[in-house]
Every structure is written in C-alpha cells, then in structure tokens.
Amino acid sequence: MDLIHPQLAAFAAVLEEGSFEAAARRLSVTPSAISQRIKALEDRLGQVLIVRQSPCRPTPAGERLLRRVRPMQALQAEALADFLPAGQAGTAHPIAIAVNDDSLETWFVAALALLHQRHGHVFDIRVDDQDHTLDLLRDGSVLGAVTAEPQPLQGCNVQPLGTMRYRAIAAPAFRERYFGAGLNAAAFAAAPMIVFNRKDALQWRFVRRITRARLMPPVHYIPTSKGFVEAAARGLGWCLAPESLIAPALRDGTLSLLDTERWLDVPLYWQHAAIRSITLQQITLALREASASALR
C-alpha cells in the first residue's frame, strides 16, 4: 500500500529495482502502467527523470527528485505502521543505507541486527568507500550514509560515530623481504600493495606520509575487507586494515605491523535526511551504540 502519489511510487520503484519490469512486479501492475506513470511525471515536471538503460538510473533532475522521495517513503512507512496490529511494526519497505565495507565487516551488522530485533526494520545496504558513500546520499540512492565527510549535505544532519584506526600490515616473511631495511621510498616502490578498489586512497596516503613521494608499486585490487587481510597474510602484498580485523592475526603471528608508531585514523560520521522521523532516530541510536564499542 502506498500513500505516496502513484507516479512517485513508480519512479522510486524503477530506480530501486533497476527496470520497469521489476518495478511493475513489485507494485503489482503492468510494465505499461509503470511506463505511463513515469512519462506522466516527466511531462508534469518538464524534465527527463530516468535514463532508460540496464539498470535504469536517474538523470540529474531524477536525483533531485529522488532525494525528496526517500524521506517521504520513510514517513509513509511510519504512518502506515501506526495502523498495523501490535507486533507487526517495522518498515516492510527496505531502508537504503550506504556504508563502507570495513564498517560492514566489523561493527555495522550488529547495529542492523539490533534494529531488526527491536523494530522489525529491513535494509537495503549499499557498499562504497567511506570517502564516496556520501555520493549515494547526494544522488538520492540512500536515506543515510556512514561517511568520512563531516560537513553535512544540504538538507541533512550529521552525527559523529568515532574513529576507525588503520594499521599497515604484511606477512612476516613479506615484511622481511621488502622492508627489512626499513620503510623508505625504494621499498614501497618495489613491494606489491593491496588496494580495495580504485577509490581506495588509504594506502597511497600512508606511503606519502612516510616518503613524501608519488610511487607506482605493483597493485592487487581485492574488494573485500576480510579477503584483504587474508591476502596480506598469504604474502600477496602489504595493506592498511582496521585494527579490529587484524588483531587475531597479529596475536598468532600470521601478520605483523610494518610500523608500530604510525597509522591512519579515519573519523566516521552518520549523515541522513533532516526530517523528523522515528525510524531515523532509531537508526541513529543503534549506529551510535554499535560504533561505541568498535571505534575509537
């Protein structure tokens, strides 16, 4: 059941599901009805809102509209929940949140579990680098984001969560082979480096902090936080990883620190649409509870 105008509901469904056909299945109408609603909405606003491709994506005008529709969906879910029988509270529609993979692999799932147990919420989690999750909030893809950016977007609130500390690690044999003579530009230029993806700048920042040089070492791209640590333990290269993820491997000697005196601290924040929403209040509280035990 939607309280939101059918044209807006169709617009959001197409972008969430990725196609007109999938949106039609979700809304229990025909693809033709979805197409007609989108066309009517675009005619009404005088703007093309959706790029018809696979998957469908919003135009700049569509992003602006989606940023407005996301909070409306949250408020609609809360309004409908007031009329549900006791014990059936919670949002049937998944809440879209952006988070960095390191948080997802360490403390974030505990917050999701808490929210589901307490309130019955379900989630649509989008993963990106902490320096880029805010882009998903900016374009309307999500209702909130865990981000490294402290400055709130227009129309958003920001809450500090704590600091994630990253340590440079490698297998002991790898460290001896490449960094036996110390951490210097020549060693970093020769040693293979493990990077999460091409948005991940942490390793480069660490190298520049130590060497003040821009180097071109061999690079492995491995987009998984736990696999990241395993790759280092197996001698593929060196990398930076959250201290909570590497603690067991450091204790058993599978991994060693490249430098015991230097690290990178990344402050994390929770940014979300600035609306008076019980759901967002609940999410904010759960994120702060979960992060308090895992972040500095």
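Asp43 is exposed, with a relative accessible area of 52%. Here "exposed" means over 50%, "buried" means under 20% and "partly exposed" is anything in between (1.4 Å probe, protein chains only). Before you dig in: this is a predicted model, where local features need pLDDT of at least 70 and side-chain atom pairs count only at pLDDT 80 or more, while totals for chains, interfaces and linings use all residues. Residues are numbered from 1 along each chain as its sequence is written, and side-chain values use heavy atoms, with hydrogens and water left out.

**Exercise 1. Find the partner of Asp43 and work out how the two sit in their helix.**

Step 1: look for a salt bridge, which is a side-chain nitrogen of Lys or Arg within 4 Å of a carboxyl oxygen of Asp or Glu. Asp43 makes one with Lys39, at 2.9 Å from N to O.

Step 2: Helices (H or I, at least four residues) and strands (E, at least two) are DSSP runs, numbered from the N terminus.

Step 3: check the surface. Lys39 is partly exposed at 44% relative accessible area, whereas Asp43 is exposed at 52%.

**Exercise 2. Compare the salt bridges of Arg126 and Arg296.**

Step 1: start with Arg126, whose closest N–O approach to Asp124 is 2.8 Å. Arg126 is partly exposed at 22%, and Asp124 is partly exposed too, at 26%.

Step 2: move to Arg296, which pairs with Glu243 at 2.7 Å between the closest N and O atoms. This pair links distant parts of the chain: Arg296 is in the segment after α12 (278-292) and Glu243 is in helix α11 (residues 243-251), 53 residues apart.

Step 3: Arg296 is exposed at 52%, while Glu243 comes out partly exposed at 25%.

Step 4: zoom out. The whole structure holds 14 salt bridges, and Glu16, Glu17, Arg26 and Arg70 are joined in a network of them.

**Exercise 3. Which residues does Asp102 touch, and how far away is the nearest side chain of opposite charge?**

Step 1: locate Asp102, which is in helix α5 (residues 101-119).

Step 2: Asp102 is buried and has no salt bridge; Arg205, the nearest side chain of opposite charge, is 10 Å away.

Step 3: list the contacts (heavy atoms within 4.5 Å). Setting aside neighbours within four places in sequence, Asp102 meets Met164, Tyr166, Ser225 and Pro242.

**Exercise 4. Classify the ring pair Phe196 and Phe228.**

Step 1: Rings of Phe, Tyr and Trp (its six-membered ring) pair if their centres lie within 6.5 Å; planes under 30 degrees apart are stacked, over 60 edge-to-face and the rest tilted. That rule gives seven aromatic pairs.

Step 2: apply it. The centres of Phe196 and Phe228 are 6.4 Å apart and their planes are at 65°, so this pair is edge-to-face.

Step 3: see what it joins. Phe196 is in the loop between β7 (193-195) and α9 (202-211) and Phe228 is in helix α10 (residues 225-233), so the pair ties together parts 32 residues apart in sequence. Both residues are buried.

Step 4: Phe179, Phe188, Phe206 and Trp238 form one aromatic cluster. Elsewhere, the charged end of Arg198 sits over the ring of Tyr221, 3.9 Å from its centre; this takes NZ of Lys or CZ of Arg within 6 Å of the ring centre and within 35 degrees of the ring normal.

**Exercise 5. Describe the surroundings of Phe20, then the chain as a whole.**

Step 1: Phe20 is in helix α2 (residues 20-27) and is buried, at 11% relative accessible area.

Step 2: beyond residues up to four places away, Phe20 touches several others, including Val14, Pro31, Ile34 and Cys56.

Step 3: the chain has twelve helices and eleven strands, and buried residues make up 50% of its 296 residues. Its division is into domain 1 (1-67) and domain 2 (164-265), with bounds from an automatic or database domain assignment. The domain centres, taken over C-alpha atoms, are 44 Å apart.

Notes
Lys, Arg positive; Asp, Glu negative; His and termini not counted.
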